[in-house]
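Me: Let's go through this one together. I'll ask, you answer.

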Amino acid sequence: MDKEQALKETNEIFVDMFDDEDIVLSYETTAEDVEEWDSLTHIQLVVAIEKHFKVRFTSKEIQSWQNVGEMLDCILTK
Amino acid sequence: MLFKAGDSYEHQFLVSEELYSGFIHLFEDRNPLHTNEDFAQGKGFESRVMHGNILNGFLSYFIGECLPTKDVIIHTQEIQYKKPVYLGDQLDFSATVQDYYESVQAVVFKYQFKREGVVLAKGKIQIGLI
């Protein structure tokens, strides 16, 4: 899987999670760019992403991400 | 590690008169399906059907009191009702850790309520370790 495909699939997870068809993620997207992306939603997103991509993150990895692109890079290294 | 996939828990719950009347007193759901024997039987049930959310109260007890730590909070919860629960039912509850997400300290349980081996309700609960 390439990064663009991972972004597309992650976007679908976000659309479903936030129930918002208008969400368009980019590599630079951060929590501040998405309304309602709070700490609890963040947990739900991580769980959904781990489940979807069949990967497991560490808490250290999660804390290191600055944006969606860095999260995707992490997925692609798994 | 407090939780790992496959860990299982069991508990028995009784749908007592006290619980039933307390639920009605607190939440005031007196729908005849729950309170009128003739109405319930007219709809094809054996007796008054207990409020489905009584089971959610049992789930609350399980999460709050039966786990190896009190440092928990419920994130999400879903339940599927398969068969009616009646007053006086003794329910066998079981739950199994389906997934543990170390990254966000979240635990997903699959659970079910049975009466005499028959599944009455089942679902999933996700909790966070706080």
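Me: What is the strand order of the open sheet in chain B?
Reply: β1-β3-β4-β5-β2, five strands with antiparallel pairing. Strands (E, at least two residues) and helices (H or I, at least four) are DSSP runs, numbered from the N terminus. Pairing takes at least two DSSP bridges. This is a predicted model: local features need pLDDT of at least 70, side-chain atom pairs count only at pLDDT 80 or more, and totals for chains, interfaces and linings use all residues. Residues are numbered from 1 along each chain as written, chains are lettered from A and ligands numbered from 1 in written order, and side-chain values use heavy atoms, without hydrogens and water.

Me: Which strands stand at the edges?
Reply: β1 (8–14) and β2 (72–81) of chain B. Each has a single partner strand, so one side of each lacks a neighbour in the sheet.

Me: How many bridges join β1(B) and β3 of chain B?
Reply: Seven, in the antiparallel sense. Leu14(B) stands opposite Gln90(B) of β3(B).

Me: What does helix α4 of chain B (52–65) lie across?
Reply: β1, β2, β3, β4 and β5 of chain B. It runs at about 145 degrees to β2(B). Angles run from 0 to 180 degrees between N-to-C directions, and axes are lines fitted to C-alpha atoms, for helices over the stretch in contact.

Me: Switching to chain A. At what angle do α1 (3–18) and α4 (68–77) of chain A pack?
Reply: About 115 degrees, with axes 10 Å apart. α1(A) and α4(A) are therefore roughly perpendicular (65 to 115 degrees).

Conventions: Contact means heavy atoms within 4.5 Å. Angles under 35 degrees count as roughly parallel, over 145 as roughly antiparallel, 65 to 115 as roughly perpendicular and the rest as oblique.
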